Amino acid sequence: MKLWALSDLHLTLATPSKAMHVFGEVWRDHERHIAEAWHRLVAPEDVVLVPGDISWASRLEDALTDLEYLHRMPGTKVILEGNHERWWQSVGEVRQNLPPSIRALSADHLEIEDWLVFGTRLWEHEEVAVDDLIAWNRMSDKRPDTRTDQDRERNEKIYARELARLDRCIQALPNRPWLKRVCMTHYPPLGRDLAETRASRLIESSGAGICVFGHLHSIKPQLQPPRADLMGTIRGVRYVLASCDYRKMEPILLG
Ligand SMILES: [Fe+2]
Ligand SMILES: [Fe+2]
């Protein structure tokens, strides 16, 4: 069994009016490119981690169209809530409706063969220095130079709450030293300088050897593979940006 990741699929099968290529040519027909790469690389016994921003749908009944697409891809998928998951009201409701090959995480963990997978969404925060990685364009999320003190206060509150959830999730991990630990977050837990943050300290104390995340899009061309491979390995953890535009729609092998 191999472990893969591909994040931020931003599927539009349920919302065809949402044209993703307005965010860049890499997104044109992205569902077709994802399906081609996924079928080429991933075997039915493999596991693919999908840490958030899965579907543009607003309601769970619509998101099921996108989840069925994901279900048709080979392997078991482990999903996590991103900031665009308007259809994800409660993990209980999501789990009741998931197709059988998809499992949902929400500040808890799953044992899959020799892996112990855990994680939570996190949030953006100025201690996570990522603004200089982005080729900002008019379609990008809120630009750093437009953030207000109110935004920063709100972010601190949500980030602190997410850190507490991650901490509780790590404290609840079972003591099974033979399992390899991997953490999923939607937001990046550290910046390109790999400097410590409150999030990275928690992850590095958890025994995880890998942390995979998404959320970042439109990375500057000079930081794209093969010239760079964000973020890097530090203090025993390999931090992997798995956003599908960064990975050219191909799942990345974690182990
Ligand atoms: Fe996101
Ligand atoms: Fe995203």
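This is a predicted model: local features need pLDDT of at least 70, side-chain atom pairs count only at pLDDT 80 or more; totals for chains, interfaces and linings use all residues.
Trainee: OK, how many helices and strands does the protein have?

Mentor: Five helices and eleven strands. Helices (H or I, at least four residues) and strands (E, at least two) are DSSP runs, numbered from the N terminus.

Trainee: And what does the protein span along its principal axes?

Mentor: The C-alpha trace covers about 45 × 40 × 35 Å.

Trainee: How much of the protein counts as buried?

Mentor: 41% of the 255 residues. Buried means 20 or more other C-beta atoms lie within 10 Å of the residue's own; exposed means 12 or fewer, partly exposed is in between, and the C-beta atoms are placed from the backbone.

Trainee: Let's do sheets. What's the order of the strands in the five-stranded one?

Mentor: β4-β3-β2-β1-β11, in an open sheet with mixed pairing. Strands pair if DSSP finds at least two bridges between them. β4 (102-104) and β11 (252-253) are at the edges with a single partner strand each, so one side of each has no neighbour in the sheet.

Trainee: How does β1 run against β11?

Mentor: Antiparallel, with two bridges joining β11 to β1 (residues 3-5). Look for Trp 4, which stands opposite Leu 253 in β11.

Trainee: And what's the order in the sheet of six strands?

Mentor: That open sheet goes β5-β6-β7-β8-β10-β9, with mixed pairing. Its edge strands are β5 (108-112) and β9, each pairing on one side only. From one strand to the next, the twist averages 20°.

Trainee: Which helix packs on that sheet?

Mentor: α4, which touches β5 and β6 (115-120), with its direction at about 160° to that of β6. Axes here are lines fitted to C-alpha atoms, for helices over the stretch in contact, and angles run from 0 to 180 degrees between N-to-C directions.

Trainee: Zooming in, which strands does β10 pair with?

Mentor: β8 (residues 210-213) pairs with β10 in the parallel sense over four bridges, and β9 (residues 231-234) pairs with β10 in the antiparallel sense, also over four bridges. Tyr 239 of β10 is the bridge partner of Cys 211 and stands opposite Gly 232.

Trainee: Is β10 (residues 237-241) mostly covered or mostly open?

Mentor: Mostly covered, with four of its five residues buried.

Trainee: What about the hairpins, which residues take a positive phi there?

Mentor: In the β9 and β10 hairpin, with two residues between the strands, Arg 235 has a positive phi near 50°. In the hairpin of β5 and β6, which has two residues between the strands, Glu 113 takes a positive phi near 50°. Five bridges join the antiparallel pair β5 and β6, and Glu 111 has Leu 116 in β6 as bridge partner.

Trainee: New topic: at what angle do α4 and α5 cross?

Mentor: Roughly 5°, with the axes of α4 and α5 (residues 198-205) coming within 10 Å. That makes α4 roughly parallel to α5, because angles under 35 degrees count as roughly parallel, over 145 as roughly antiparallel, 65 to 115 as roughly perpendicular and the rest as oblique.

Trainee: Last one: where does Val 42 lie?

Mentor: In the loop between α1 (30-41) and β2 (47-50). Val 42 is buried, with 22 other C-beta atoms within 10 Å.

Trainee: Which residues is Val 42 in contact with?

Mentor: Leaving aside neighbours within four places in sequence, Val 42 is in contact with Trp 4, Val 48, Met 73, Pro 74, Gly 75 and Pro 251. Contact means that the C-beta atoms, placed from the backbone, lie within 7 Å. Val 42 and Trp 4 are 38 residues apart along the chain, and their C-alpha atoms are separated by 7.9 Å.

Methods
Residues are numbered from 1 along each chain as its sequence is written. Chains are lettered from A and ligands numbered from 1 in the order in which they are written. Two residues are in contact if their C-beta atoms, placed from the backbone, lie within 7 Å.
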